[in-house]
Amino acid sequence: MKAISILGSTGSIGTQTLDIVNQYPDRFRVVGLATGRNATLLAEQIRQFRPQIAAIQDESKLPELKSAIAHLDNPPTLLTGQEGVVEVARYGDSESVVTGIVGCAGLLPTLAAIEAGKDIALANKETLIAGAPVVLPLVKKHGVKLLPADSEHSAIFQCLQGVPEKGLRRIILTASGGAFRDLPAEKLSEVKVADALKHPNWSMGKKITIDSATLMNKGLEVIEAHYLFGMDYDGIDIVIHPQSIIHSLIELQDTSVLAQLGWPDMRLPLLYALSYPERIYTDWETLDLVKAGNLTFKEPDRQKYPCMELAYAVGRAGGSMPAVLNAANEQAVALFLEEKITFLDIPRYIEYVCDRFQTQNTLTPSLEDILAADRWARQEVLAATEVVGKNTIFYVSV
């Protein structure tokens with residue numbers, strides 16, 4: 001029975017991970033849970049899964065949480081704040097930590113888990129995008145596994161099993177195209193938050209759903225694939241695949257192409273990250289290719305999705321720049337969700353901030369450099385309201 005802890009337990013990744021634990025109680029047990037502010041759901045999870053430790057980042061929610069589990073005979077240790085989440089990440093005998101926290105907030109807890117010798121089921125791509133120069137050396141130093149738990153990188157990882165060293169030629173990331181894949185580019189100026197949150201295939205949190213609509217999620221995944229699999233940016237392509245049945249592909253040196261297929265269901269990559277190298281039998285719906293129907297592909301519209309090109313440019317720049325891109329995107333998406341900027345403002349703000357950071361970029365950043373770049377980028381986005389014009393032209397100069 002594998003002991004696990006879950007960061008972001010009340011979010012989409014966390015709840016689906018707990019679905020797996022609930023379905024396979026003889027294979028997995030929960031040691032720790034951590035969340036942001038959903039005390040009601042966290043209390044339900046504590047009552048059902050009985051972790052040894054739990055943390056809620058919003059300290060004001062602690063009284064509510066304590067009250068909800070007051071009747072338990074052996075309640076878990078309860079912690080609050082960022083420090084509490086970090087403690088859950090490093091705590092006890094958990095063998096694997098699922099990092100389902102959204103955004104760069106997952107970086108410090110992930111580093112703590114690695115330093116404590118825990119394997120990482122990486123569902124938080126921002127951690128690696130912003131912090132790879134620090135994360136990857138620590139993974140090597142402590143000899144832990146960094147296993148991708150998002151659908152695209154899990155697909156690549158699965159396809160690579162048995163591929164000899166230097167056998168990989170190209171990575172092909174598939175993208176659903178998000179909420180606006182069939183909307184003409186000239187109509188994007190009219191879209192609202194509610195429109196952008198209507199993903200056609202996947203059920204995800206708000207932030208990643210907006211990233212899917214801008215295709216920034218795919219740009220971020222390009223950077224993540226570069227770090228996870230050591231592939232040069234020229235060898236990582238994106239293709240729009242509206243059905244989301246093929247979760248990504250690899251091309252080998254002899255031009256053979258391998259793909260991983262399945263219904264759009266995050267439980268599969270999560271289960272594989274937790275059970276690797278085993279394959280656990282499930283009673284989930286098997287893929288029926290006749291039912292799936294036609295599988296189609298098209299080139300992404302680079303004018304319609306400037307965030308994608310920004311991510312490639314920033315990835316090639318390297319250093320602290322990906323941390324700036326990630327933080328600027330997080331802040332811009334937050335402003336859009338608050339209806340303070342438009343959908344088309346998101347890439348404008350990101351490019352403006354990245355462009356300003358070029359002369360400050362540190363090619364071999366420390367953790368302090370990365371955290372400073374993250375803070376700087378968020379402040380720059382907030383300060384950019386009066387600077388970024390509605391007619392910004394995307395030069396992608398970084």
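Leaving aside neighbours within four places in sequence, which residues is Gln45 in contact with? They are Ser9, Thr10, Thr15, Leu18, Leu33, Arg50 and Pro51, where contact means heavy atoms within 4.5 Å. This is a predicted model: local features need pLDDT of at least 70, side-chain atom pairs count only at pLDDT 80 or more, and totals for chains, interfaces and linings use all residues. Residues are numbered from 1 along each chain as its sequence is written, and side-chain values use heavy atoms, with hydrogens and water left out.

**Gln45**
- Gln45 sits in helix α2 (residues 39-49); helices (H or I, at least four residues) are DSSP runs, numbered from the N terminus.
- Gln45 counts as buried because its relative accessibility is 4%; buried means under 20% relative accessible area, with a 1.4 Å probe and protein chains only.

**Helix α15**
- Helix α15 covers residues 345-357, which is 13 residues.
- Of the 13 residues in α15, 10 are buried.
- Among them are Ile346, Tyr349, Val353 and Phe357.
- The cover over these buried residues includes α9 (206-214), α10 (216-229), α13 (306-317), α14 (321-337) and α16 (367-383).

**Cysteines**
- The structure holds zero disulfides; a disulfide is a pair of cysteine sulfur atoms within 2.5 Å.
- Cys354 is in no disulfide, and the nearest cysteine sulfur, that of Cys307, is 9.8 Å away.
- Cys354 is buried because its relative accessible area is 0%.
- Cys159 also counts as buried, at 8% relative accessibility.

Notes
Buried < 20%, exposed > 50% of the residue type's maximum accessible area, 1.4 Å probe, protein only. Helix = DSSP H or I, 4+ residues; strand = E, 2+ residues; numbered from the N terminus. Expected span 1.5 Å × (residues − 1).
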